[in-house]
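Please look through the sequence and the 3D structure shown here before reading on. The briefing below then takes up a few local features, one topic at a time.

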Amino acid sequence: MTDWSTAGIPSLSGKTVVVTGATGGLGYETAMALAGAGAIVILTGRDDAKGLRAIEGICERFPDALIAYEHLDLASLASVADFAGRFAADNEWLDLLVNNAGVMALPKRQQTEDGFEMQLGTNYLGHYALTARLLPQLRRAKAPRIVNLSSLAHRSGAINFDDLHSKHSYRPWRAYCQSKLAMLMFALELQRRSLAAGWGLMSLAAHPGYARTDLIANGPGASTVQSRLDRLLQPLISQSAAEGALPTLFAATSPDAEPGGYYGPNGFYELKGSPGPARIMPQAQDLAAAAMLWDASAMLTGVSFDEIAAAA
């Protein structure tokens, strides 16, 4: 996969794709490339005006793109259920789900409308519920894939089961790292459970390295000093959003991607470079913790993969 690029994406004609958080940054670049390969792409986001601008931008580059925008707020379980219901009414199957949306390092603790810490709720629990609710459509596809966006931040993450929502002690980066560790654990556990239950899913994860995106603008957590330092170092250690989307696109489309795989840039510290296998920290491979997180997620969201699979 040396120097893999969007030229390596096979034809996606006839494939239906959902990309969360696709109105800017990594999600936009991911949706752009998938639309360019012929997929039917549904962009989702919270800002409808940005969604329409995103469609205009993609159609400027690919005039024949089969693309639409749907409102989806991952910080609201009601919004997740509403979107899933609308999707099911209009689509028999779903070939690819890219769980990309996220917020980062919110300076002050915030809660979703369901009472979850905002980063855990938006980055992870909303995606857990969305994936479960779309399970019937995913299972009807010939070779369905789910790609979860994790981060280098997972390396510093820990799942605090005693205080999942940081009610007793909130630190912006600690909460962010926990949410991105949860996304990687979810991808790995989903692959294990799919194999055990015969769901036929291919679950993977990816991270963008250090990509220059608007994620920090969604949740400014960096200090002024840190921001100045980042600006000085960016040319050396970062890459564009389009380059940062390549590991996601590799996981989503490449015949060489493996079930349960985790992909990121192959350069120094996985900060930038072409897609390659990424390092998975031991805490992400803790089977007992993954099972606990799965059960906690089902309880918190009120959404059960097993029950949905049985009813489908």
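Ser166 sits in the loop between strand E5 (145-149) and H6, where helices (H or I, at least four residues) and strands (E, at least two) are DSSP runs, numbered from the N terminus. This is a predicted model, in which local features need pLDDT of at least 70 and side-chain atom pairs count only at pLDDT 80 or more, while totals for chains, interfaces and linings use all residues. Residues are numbered from 1 along each chain as its sequence is written, and side-chain values use heavy atoms, with hydrogens and water left out.

- Most residues other than glycine have a negative phi.
- Phi of Ser166, however, is near 55°, a positive value in a residue other than glycine.
- Ser166 is buried, with a relative accessible area of 6%, where buried means under 20% relative accessible area, exposed over 50%, and partly exposed in between (1.4 Å probe, protein chains only).
- Glu270, in the loop between strand E9 (262-265) and strand E10 (275-277), has a positive phi of about 60° although it is not a glycine.
- Glu270 also counts as buried, at 11% relative accessibility.

- Helix H2 (residues 48-61) has 14 residues and reaches 20 Å from its first C-alpha to its last, close to the 20 Å expected at 1.5 Å a residue, the expected span being 1.5 Å times one less than the number of residues.
- The buried residues of H2 are Gly51, Ala54, Ile55, Gly57 and Ile58.
- These residues cover an arc of only 165° around the axis, which puts them on the same side of H2; the arc is that of the directions from the helix axis to the C-beta atoms.
- The buried residues of H2 pack against helix H1 (25-36), strand E2 (40-45) and strand E3 (66-71), with contact meaning heavy atoms within 4.5 Å.
- On the face of H2 turned away from its buried side are the exposed residues Leu52 and Glu60.

**The nonpolar cores**

- A nonpolar core is a set of buried Ala, Val, Leu, Ile, Met, Phe, Trp, Tyr and Cys residues joined through side-chain atoms within 4.5 Å.
- The largest nonpolar core has 50 residues, and Phe83, Leu97, Tyr124, Leu134, Met185, Leu190 and Phe305 touch the most other members.
- H6 gives the most to this core, with 9 residues.
- Apart from this core lies another, of 39 residues, among them Ile9, Val41, Ile58 and Ile67.
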